[in-house]
Amino acid sequence: MTSLRANAGMSAIEGDMPFWARRKGVYFYCAVWHIAFAIVAIFMRSALGYDDALEAYNVQSFEWSYTPRNPSLYDWILYGLDQLTGSTAFSAPLLNYASMLACALLLYELARRVIDDRRLQALSVYSLSLLWTIGFDFHPILTHSKLMIAIIAATLIVIHSLGEEPTLSKYLVLGALIPLGLMAKYAYGLFLAAAFLAALAVPKYRATVFDRRILLSALIAVLPVAGVLALDATKSQAIVGTTIGVLKTGQDASLFDKSIQLGRAVTIFCMPFGVFFCWLYFRTDRSTPMPGIRDESFPRLTGLILLIGSAAMLFWSFGIGSAQVRPRYFLCVFLVFPLFAFMVLDRYAVPARAARDYAILAALTATAIFALNLTSRLAPSETVCRNCLLSVPYRQLGDELVARYGATPTLVGHDIFEGGQLRAALPTARVTTLVPKPYRPPARQAEHCVLVWQPGDDIAPDLSRYGLTPQENDTVSLKWWAPLLDNARSTTFNMQELPQGSPPCL
């Protein structure tokens, strides 16, 4: 087996591997990729992404629950980081990219255990950046999902390890990971269910399921989640209601529309990885499989996870009848797609040149996405990023607010998104919203209570509910940071002092 791989340029000796396929190389390139994007997010943005802004508003205090739609683990960690860094503008990118890096490295360590060819081990991890949701969508949006995939990766390693040698300590770790996953994002439950059903169908892992020690895993898993839910008796009902609302959205769409939506979601999620992998697959000679004894248990397990996940999405689209299946919803069950694909390819001798070319394609794609992110910060024109949300000068607004109202005013945003931006712009302020939200920060005395909005915001109806009318007490226009543009855009912010006892200030 080793000689055949050597003839194909696939020697298993570490010294014969190109740097990108060695363990040190994988760790290096994964770190560079994540750190580079984190630097852009921390130092070259003047506003938060949409989801980061929502979390910035929420973590003004430590609470057991912030919103029914998402669990609280991400917010708890973010709250702790905020105390260290001083602002969500710094702590959110740190948490987001640390979670993504952890996921990549954990999946790489798993690949080292289930894939023989070291080049394919590395390519399976680099391919994560070729999944649209991770490679593109993760940079401007999504928060809880990033933490979830890190815990899914850790769970997969434990499941594989249990199949190799079940021990009490591994069952304890599995029991600890389950509540962490569920408290990171409820979609983890779909992954867990798919993994459980898949394990029942594979003899090697079925034995671990029927091992009595798994009862200890279940006990450890149930107690923390039950404890959190018990602290808020209405939370479980809110979770169910919110989940049903998400599942049933778009039920009035036609069968054709549902089919298009599902097909679009699957295609977008898998691209461009699907195209690149097919290109590599057809460049590989599959007429003579690599010799040797091969354990197919884990490839079969991950393949079943993909099948069960696909069946769940089909049921969502046509059984429940929703037309709101989005690419990111596949993340919890399709995260294993690149790993599974390269486990299948590992049965054959992949030509060295084909593997190298695939690595180059992955690197070029990652570089292009990074260049687009960087350009949209250095030259935030409508051609590059349309509304360029991440370049709206909220950070500069923070300095203006301090100059006018001091460091600790109460700021009122129109909605939770605006509130989160204000919170990141001036972390020492207490921020509330005109539009009522489940979470409201604890009351605090402040000398000023200031409503901040942009001219296009329709705040009159929301103000009228409190018996107030819009009044532009102060206005400031701020230029965007755009070092590569001669004529940078500007944004105008209106400010209105509200009576201290008015409901928005409380």
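Reply: Let us begin with contact, which means heavy atoms within 4.5 Å. Helices (H or I, at least four residues) and strands (E, at least two) are DSSP runs, numbered from the N terminus. This is a predicted model, in which local features need pLDDT of at least 70 and side-chain atom pairs count only at pLDDT 80 or more, while totals for chains, interfaces and linings use all residues. Residues are numbered from 1 along each chain as its sequence is written, and side-chain values use heavy atoms, with hydrogens and water left out.

Me: Which residues of α10 and α16 meet?

Reply: From α10 come Leu190, Phe191, Ala194, Ala195, Leu197, Ala198, Ala199 and Ala201. Their partners in α16 are Leu301, Leu304, Ile305, Ile308, Ala312 and Met313. For the classes, Ala, Val, Leu, Ile, Met, Phe, Trp, Tyr, Cys and Pro count as nonpolar, Asp, Glu, Lys and Arg as charged, and the others, Gly among them, as polar. The contact of α10 with α16 has 14 nonpolar residues, no polar and no charged ones.

Me: At roughly what angle do the axes of α10 and α16 cross?

Reply: Axes are lines fitted to C-alpha atoms, for helices over the stretch in contact, and angles run from 0 to 180 degrees between N-to-C directions. Helix α10 (residues 188-201) and helix α16 (residues 297-319) have axes that cross at roughly 130° and come within 8 Å. Angles under 35 degrees count as roughly parallel, over 145 as roughly antiparallel, 65 to 115 as roughly perpendicular and the rest as oblique. The helices α10 and α16 are therefore oblique to each other.

Me: Is the crossing of α10 and α16 left-handed or right-handed?

Reply: A crossing is left-handed if the near helix is turned anticlockwise from the far one by less than a right angle, and right-handed if clockwise. That of α10 and α16 is right-handed.

Me: How do the axes of α8 and α10 cross?

Reply: The axes of helix α8 (residues 144-164) and α10 cross at roughly 20° and come within 11 Å. This makes α8 roughly parallel to α10. The crossing of α8 and α10 is right-handed. On the α8 side the contact is made by Met148, Ile151, Ile152, Thr155, Leu156 and Ile159, and on the α10 side by Tyr188, Phe191 and Ala195. By class, the contact of α8 with α10 has eight nonpolar residues, one polar and no charged.

Me: Is Thr302 buried or exposed?

Reply: Buried means under 20% relative accessible area, exposed over 50%, and partly exposed in between (1.4 Å probe, protein chains only). Thr302, which lies in helix α16, has 0% relative accessibility and so counts as buried. Leaving aside residues up to four places away in sequence, Thr302 touches Val336, Phe340 and Met343.

Me: Where is Thr365, and what does Thr365 touch?

Reply: Thr365 is in helix α19 (residues 352-378). With a relative accessible area of 18%, Thr365 is buried. Not counting residues up to four places away in sequence, Thr365 touches Leu130, Pro272 and Phe276. Between Thr365 and Pro272 there are 8.9 Å in space, C-alpha to C-alpha, and the two are 93 residues apart in sequence.

Me: How many disulfides are there?

Reply: A disulfide is a covalent bond between the sulfur atoms of two cysteines. The rule used here is a pair of cysteine sulfur atoms within 2.5 Å. By this rule there are two disulfides. One joins Cys385 to Cys388, with an S to S distance of 1.9 Å. The torsion about the S-S bond of Cys385 and Cys388 is about 95°, so this disulfide is right-handed. Both Cys385 and Cys388 are buried.

Me: Which parts of the chain does the pair of Cys449 and Cys505 link?

Reply: The sulfur atoms of Cys449 and Cys505 are 2.0 Å apart and form a disulfide. The link of Cys449 and Cys505 is left-handed, with -95° about the S-S bond. The pair links distant parts of the chain, 56 residues apart: Cys449 is in strand β3 (residues 449-453), and Cys505 is in the segment after β5 (490-497). Cys449 counts as buried at 0% relative accessibility, and Cys505 counts as buried at 7%.

Me: What of Cys103?

Reply: Cys103 is in no disulfide; the nearest cysteine sulfur, that of Cys30, is 9.9 Å away. Cys103 counts as buried, at 1% relative accessibility.
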